[in-house]
Each structure stands twice: as C-alpha cells, then as structure tokens.
Amino acid sequence: MSLPYHSPLLSRLDWLDHAFMPAGARPPQEAIYNQQRHSARVILDVDALPLKSQEADGLIGSGQHPVAVYTADCLPILLADSRQQQVAAVHGGLKGVLSGVLINAIQRLCERGATPESLFIAIGPAIGPCCYELGREVTDQAQREDPYHLAGLMSWSASPPPNPAAVRPQAQGTTAGVWFDLPLLAKRIALRAGVPEAQIELARICTYCMAEEVASYRRNSHFQHGYQQRFSWIAKR
Ligand SMILES: [Zn+2]
C-alpha cells in the first residue's frame with residue numbers, strides 16, 4: 001500500500017492535520033464528506049450530516065472533525081486559514097472549477113474571518129497536463145460560457161508535455177484535442193483571489209502516470225483495470 005502524501009506547505013502549520021490518502025484508503029472514521037456532484041456548492045460541516053446527505057463539492061470545517069473529499073482524476077484541494085484556524089476541502093473537477101467551486105470556498109472562508117493573505121492552499125494528486133486530453137469543443141465551450149472570467153487563466157498545449165517523473169506511459173491522445181493543465185487553473189484562481197503565491201502548492205503528482213495503478217478514472221477508461229477513490233482530508237487539531 002502506498003503512503004499518504006503530505007503537503008510540505010500544510011505540514012508547516014502546527015494547528016492542523018491533513019493527508020492526501022492513496023487510492024483505495026479510507027479517511028479517518030470521523031471525517032465528514034458530501035455527495036459530490038461537480039457543483040459549485042460549498043457548505044459547512046455542521047450542515048453536512050448525516051454523511052453524504054448533502055450534494056456539495058466544498059466543505060468548510062467549523063470544528064475538529066476532519067473534512068474530506070474523494071477524487072480520482074479531479075483536484076483534491078485542501079485549504080487552511082491561519083487567521084481563524086479554519087479548514088476546508090474542495091472537490092475540483094473541470095466542471096466544478098469553471099462553475100466557481102474554489103472561488104466560493106475562498107469566499108466562504110473570507111466571510112468567516114479569513115483574508116486571502118491568511119489562506120494556505122494545497123492542490124493534491126490529480127491528472128496532470130501530461131495525461132489530460134480534452135476535446136476542443138470542451139475548451140471552446142468553457143471560453144464561451146465562462147461565468148467567472150476564467151478564460152485568461154486556462155492553460156493547455158497542442159501536445160502532451162513530457163512528464164520526466166512518470167512511472168508508466170502517459171495517456172495517448174484519442175480525440176486530437178488539447179492537453180489541459182487543471183491544477184494550474186486552480187492555482188491561478190487562488191492567485192487572482194489574492195492568495196500569495198508562496199501559500200499555494202501544487203503536488204504535481206499525476207494520477208494517470210505517477211500515482212497508484214488504480215488511482216485514475218481516465219486510465220481505467222483506457223485499460224479497464226478498475227479504479228479506487230482517493231480521500232483527502234484536513235482537520236483542526
Ligand atoms: Zn500524467
């Protein structure tokens with residue numbers, strides 16, 4: 001079994017615990033999480049019980065219960081506010097990120113006493129630009145609709161950037177599309193919201209070509225070896 005990944009950035013904060021668990025591992029028993037729907041909805045942990053009774057993709061921790069998200073290729077984003085010692089967990093797929101889930105989570109934390117300068121954000125293992133091909137119709141639509149004016153923050157290339165850290169072959173193109181950098185979009189959203197760059201961390205662990213064999217939904221769709229969700233959680237001590 002692989003070990004959990006711990007963000008060096010969040011590990012510097014001595015008032016919290018967190019982990020990006022490997023695919024298939026369970027979160028702490030008392031962890032709270034939602035029924036995730038690729039939505040922009042962010043709720044408080046006290047409104048989220050019983051477990052999975054709410055459809056939401058962001059969860060603010062108001063007490064000491066860990067808040068968690070489960071992901072395959074989507075972004076697990078853990079947030080910490082050093083001002084009020086609040087934490088939050090966000091499930092960020094492309095659809096949810098474009099719909100404003102990360103923007104909403106930052107806003108909710110700030111409504112509860114954080115400032116952008118007090119936020120620390122770790123973006124965990126997720127599919128990287130090395131393996132994330134999108135049809136051009138997807139990026140066209142994202143630029144056309146764009147309710148949060150994110151078009152200028154989106155980054156992609158015509159061919160997959162080589163990943164020197166890959167432990168297995170990168171994804172092969174299937175749609176003559178583009179290779180999209182979803183973690184970078186999330187980082188740029190946080191930067192635009194005013195979070196200092198030194199307080200935003202990308203794990204840069206691609207679920208397709210670097211993480212556990214069963215970590216990637218997309219890789220499973222190519223090779224049918226099965227996939228298991230990854231839980232990522234954060235808690236105030
Ligand atoms: Zn990759």
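Reader: Where does Pro 164 lie?
Author: Happy to start there. This is a predicted model, in which local features need pLDDT of at least 70 and side-chain atom pairs count only at pLDDT 80 or more, while totals for chains, interfaces and linings use all residues. Residues are numbered from 1 along each chain as its sequence is written. With helices (H or I, at least four residues) and strands (E, at least two) taken as DSSP runs numbered from the N terminus, Pro 164 falls in the loop between strand S9 (156–157) and strand S10 (178–180).

Reader: Is Pro 164 buried or exposed?
Author: A residue is buried if 20 or more other C-beta atoms, placed from the backbone, lie within 10 Å of its own, exposed if 12 or fewer, and partly exposed in between. Pro 164 has 6 C-beta neighbours inside 10 Å, so it counts as exposed.

Reader: What separates the C-alpha atoms of Pro 164 and Cys 206 in space?
Author: In sequence, these two residues are 42 residues apart. From C-alpha to C-alpha, the separation of Pro 164 and Cys 206 is 11 Å.

Reader: Which residues have the most contacts inside the largest nonpolar core?
Author: A nonpolar core is a set of buried Ala, Val, Leu, Ile, Met, Phe, Trp, Tyr and Cys residues joined through C-beta atoms within 7 Å, and the largest one here has 74 residues. Helix H3 (residues 101–111) gives the most to this core, with six residues. Two residues lead the contacts inside the core: Leu 79 and Leu 102.

Reader: Which residues does Leu 79 touch, beyond those up to four places away in sequence?
Author: Touching means contact, that is, C-beta atoms placed from the backbone lying within 7 Å. By that rule, Leu 79 touches Val 87, Ala 88, Val 90, Ala 105, Leu 109, Leu 119 and Ile 121.

Reader: At what angle do H3 and helix H5 pack?
Author: Leu 102, Ile 103 and Ile 106 in H3 meet Ala 186, Ile 189 and Ala 190 in H5. The axes of H3 and H5 (residues 182–192) are 10 Å apart. With axes as lines fitted to C-alpha atoms, for helices over the stretch in contact, and angles running from 0 to 180 degrees between N-to-C directions, the packing angle of H3 and H5 is about 35°.

Reader: How many bridges join S4 to strand S12?
Author: These strands belong to an open sheet of three strands in the order S1-S12-S4, with antiparallel pairing. S4 and S12 (residues 230–236) run antiparallel, and the number of bridges joining them is five.

Reader: Why is strand S4 described as largely enclosed by the rest of the structure?
Author: Val 67, Val 69 and Thr 71 on one side of S4 are buried, as are Ala 68 and Tyr 70 on the other. S4 (residues 67–71) is largely enclosed because its count of buried residues is five of the five.

Reader: What is the count of buried residues in helix H4?
Author: H4 (residues 136–145) is hardly covered. Just after H4, Asp 146 takes a positive phi of about 45°. Among the ten residues of H4, the buried count is zero.

Reader: Which residues does Met 21 touch, not counting those up to four places away in sequence?
Author: Met 21 sits in the loop between strand S1 (16–20) and strand S2 (42–44). Met 21 is buried, with 23 other C-beta atoms within 10 Å. Its contacts are Pro 4, Pro 27, Arg 230, Phe 231 and Ser 232.

Terms used. Contact = placed C-beta atoms within 7 Å. Pairing = 2+ DSSP bridges.
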